[in-house]
Amino acid sequence: MANTRTKLSELDPVWTQIVSEARQAVDAEPLLGGLVHACILHHTTLEDALAYRLAQKLASADMSEQLLRELIDEAYADDPTLGQCARADIVAVYDRDPACHRYIQPLLFFKGFQAIQAYRVANWLWRHGRKDLAYFIQMRVSEQFSIDIHPACKIGQGLFLDHAHSLVFGETAVIGNNVSILHSVTLGGTGKEDEDRHPKIGDGVLIGAGASVLGNIKIGACSRIAAGSVVLSEVPNCKTVAGVPAKIVGEAGCSQPSVSMNQLIGAREK
């Protein structure tokens, strides 16, 4: 029975698929062989591959790739939920992004996925009282990916950042599970107030490009925020809001807006 449990614990469909796709990618494009081997095929787990890729992306004259790799390895070893969230994030990108055709793409090429995994390490540091190192990771993510996520921000699993550019998530922001957010979105405050001052985004929410959600307000589960909207008040579950300031313009249109990614006002699930 002990051997059976060990074998079951080693099953990892996401990593198995990534490795299979990596081998196919090397066969199809030998010029990428060095990158694919270094980032995927030289590793035995997704956590190892992520630690290598993130350290490679975040290294600078201030902190070497080796030191970052050791730090990220420590985070993954201490908190298995970091790897679980990474798998959920990969599946979310694959399921919701029509430009994503393989599981290897987020790991190798998509800065939104990479930035979120780096944030998760920074959040682990923050929770362990290592706040200066957390700020360092935040700084490097902002410099490298144009995504500014405070390490104290709370983010669930299955997050999809579509195009992932010019994003700002504040210190006390909370993002639930299975949320989809397009580019140029701000989850910010309304002034210089201290303490709890940022939005709380429910599960399954879809936030369109260029939207700003400001203040300590709740965005209800499975709601939609239209592109370019400025949301200053709470949004009930399963509603669509649009405008400046945003107002309710209808129902969400389906049970899972963040999965359907349908951003047409008045559209219904088919």
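A: Let us begin with a definition: two residues are in contact when heavy atoms of theirs lie within 4.5 Å. The model is a predicted one. Among the contacts in the chain with a separation of 6 or more, 46% are made by residues 24 or more positions apart.

Q: How many helices and strands does the chain have?
A: The chain has 10 helices and 15 strands. Its radius of gyration is 19 Å, close to the 18 Å that the globule rule gives for 270 residues, so the chain is as compact as a globular protein of that length. The C-alpha trace spans about 50 × 45 × 45 Å along its principal axes.

Q: What share of the residues of the chain counts as buried, and what is the accessible surface of the chain?
A: A residue is called buried when its relative accessible area is under 20%. By that criterion, 51% of the 270 residues are buried. The accessible surface of the chain is about 12600 Å², and carbon and sulfur atoms contribute 53% of it.

Q: Which residues of helix H3 are buried, and what covers them?
A: Helix H3 covers residues 33–41, and its buried residues are Gly33, Val36, Ala38, Cys39 and Ile40. Their cover includes helix H2 (13–28), helix H4 (46–58) and helix H7 (104–108).

Q: How far apart are the mean positions of the positive and negative charges of the chain?
A: The chain carries 25 positive and 30 negative charges, and their mean positions are 5 Å apart.

Q: How many salt bridges does the structure hold?
A: The general idea is that side chains of opposite charge can pair when their charged atoms come close. In this structure there are 10 salt bridges. One of them joins the side chains of Glu47 and Arg87, with an N to O distance of 2.8 Å. Glu47 belongs to helix H4 and Arg87 to helix H6 (residues 81–96), so this pair ties together parts that are 40 residues apart in sequence.

Q: Are Glu47 and Arg87 buried or exposed?
A: Glu47 has a relative accessible area of 18% and is buried. Arg87, at 17% relative accessibility, also counts as buried.

Q: How far apart are the closest N and O atoms in the salt bridge of Glu74 with Arg130?
A: The closest N and O atoms of Glu74 and Arg130 are 3.2 Å apart. This pair links distant parts of the chain, 56 residues apart: Glu74 is in helix H5 (residues 65–78), while Arg130 is in the loop between helix H8 (111–127) and helix H9 (131–145). Glu74 is partly exposed at 38% relative accessibility, and Arg130 is partly exposed with a relative accessible area of 29%.

Q: With which residue does Arg120 form a salt bridge?
A: Arg120 pairs with Asp89, and their closest N and O atoms are 3.1 Å apart. Here too distant parts of the chain are linked: Arg120 lies in helix H8 and Asp89 in helix H6, 31 residues apart. Arg120 is buried, with a relative accessible area of 5%, and Asp89 counts as buried at 1% relative accessibility. Shared partners also matter when salt bridges are read: Asp12, Glu47 and Arg87 are joined into one network in this way.

Q: Where does Pro257 lie, and which residues are in contact with it?
A: Pro257 lies in helix H10 (residues 257–260) and is buried, with a relative accessible area of 0%. Beyond its neighbours within four places in sequence, the contacts of Pro257 include Gly204, Leu206, Cys222 and Ala252. The C-alpha atoms of Pro257 and Ile207 are separated by 9.3 Å, with the two residues 50 apart along the chain.

Q: Where is Asp194 found, and is Asp194 buried or exposed?
A: Asp194 is in the loop between strand S7 (186–188) and strand S8 (200–201). At 63% relative accessibility, Asp194 counts as exposed. Asp194 and Val205 are 11 residues apart along the chain, and their C-alpha atoms are separated by 26 Å.

Key
Residues numbered from 1 in each chain as written. Predicted model: local features only at pLDDT ≥ 70, side-chain atom pairs only at ≥ 80, totals over all residues. Heavy atoms only, no water. Helix = DSSP H or I, 4+ residues; strand = E, 2+ residues; numbered from the N terminus. Rg over C-alpha atoms; globule rule 2.2 N^0.38 Å. Buried < 20%, exposed > 50% of the residue type's maximum accessible area, 1.4 Å probe, protein only. Areas by Shrake-Rupley, 256 points an atom, 1.4 Å probe, with all protein chains shown as cover. Lys, Arg positive; Asp, Glu negative; His and termini not counted. Charge placed at Lys NZ, Arg CZ, Asp CG, Glu CD. Salt bridge = Lys/Arg side-chain N within 4 Å of Asp/Glu carboxyl O.
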